[in-house]
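Dear colleague,

I am handing over the structure we spoke about, and my notes on it follow below. Please read them with the model open beside you.

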Amino acid sequence: MALIFETPNFLVEAPEKPLVDRGDGGHVVITPKVPVTDRQQLLPKQAIELMRLTILTGAAMTTVMNMNGVDIGRINYQDNGNWTVFRPEGSFLHVHLYGRAKS
């Protein structure tokens, strides 16, 4: 993944194989620097940081995509980690942001 931004506890990255391509709205992933299974394992300050980061990243996606001719109508936020639940290392929290273009 390509690093876009980082905070003390999280990475904001662009996946190599986005599930939503740039023309349809884009795809960004936020992951904790220290893996956790889900939000319940975050300290309160980390949980606040993650919420703020998802809001700011969504706003940045909307602004940048609109400036580049992609008319973002919505950013969808999705907590993930379920596909790895049966792996020996277990699942880990990560949040996908999917832009949705109007056209």
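A residue is called buried when its relative accessible area is under 20%, exposed when it is over 50%, and partly exposed in between, using a 1.4 Å probe and protein chains only. Helices (H or I, at least four residues) and strands (E, at least two) are DSSP runs, numbered from the N terminus. By these terms strand 3 is mostly covered, since six of its six residues are buried.

Before going further, please note that this is a predicted model, in which local features need pLDDT of at least 70 and side-chain atom pairs count only at pLDDT 80 or more, while totals for chains, interfaces and linings use all residues. Residues are numbered from 1 along each chain as its sequence is written, and side-chain values use heavy atoms, with hydrogens and water left out.

The sheet

Two strands are taken to pair if DSSP finds at least two bridges between them. Five strands make up an open sheet with antiparallel pairing, in the order 1-2-3-5-4. Strand 1 and strand 4 are at its edges with a single partner strand each, so one side of each has no neighbour in the sheet.

Strand 3 is joined to strand 5 by four bridges, the two running antiparallel, and strand 2 also pairs with strand 3 in the antiparallel sense over four bridges. Valine 29 of strand 3 stands opposite glutamate 13, and in strand 5 the bridge partner of valine 29 is histidine 96. Valine 28, in turn, stands opposite leucine 97 in strand 5. Which residues point each way from strand 3? His27, Val29 and Thr31 point one way, whereas Val28, Ile30 and Pro32 point the other way, and all of them are buried.

The nonpolar core

A nonpolar core here is a set of buried Ala, Val, Leu, Ile, Met, Phe, Trp, Tyr and Cys residues joined through side-chain atoms within 4.5 Å. The largest one has 17 residues, of which Phe10, Ile30, Leu42, Leu50, Leu93, Val95 and Leu97 touch the most other members. At least two residues of this core come from each of strand 2 (10-14), strand 3 (27-32), helix 1 (44-67), strand 4 (72-80) and strand 5 (94-101). Helix 1 gives the most, with four residues. If contact is taken as heavy atoms within 4.5 Å, leucine 42 is in contact with Phe10, Val36, Ala47, Leu50 and Leu93, leaving aside its neighbours within four places in sequence.

The salt bridges

With a salt bridge defined as a side-chain nitrogen of Lys or Arg within 4 Å of a carboxyl oxygen of Asp or Glu, a search of the whole structure finds two. In one, glutamate 6 meets lysine 33, and their closest N and O atoms are 2.7 Å apart. Glutamate 6 lies in strand 1 (residues 2-6) and lysine 33 in the loop between strand 3 and helix 1, so this pair ties together parts that are 27 residues apart in sequence.

Aspartate 79 and arginine 39 form a salt bridge through their side chains, at 2.6 Å from N to O. This pair links aspartate 79 in strand 4 with arginine 39 in the loop between strand 3 and helix 1, 40 residues apart. Aspartate 79 is partly exposed, at 37% relative accessible area, and arginine 39 is partly exposed at 35%.

With best wishes
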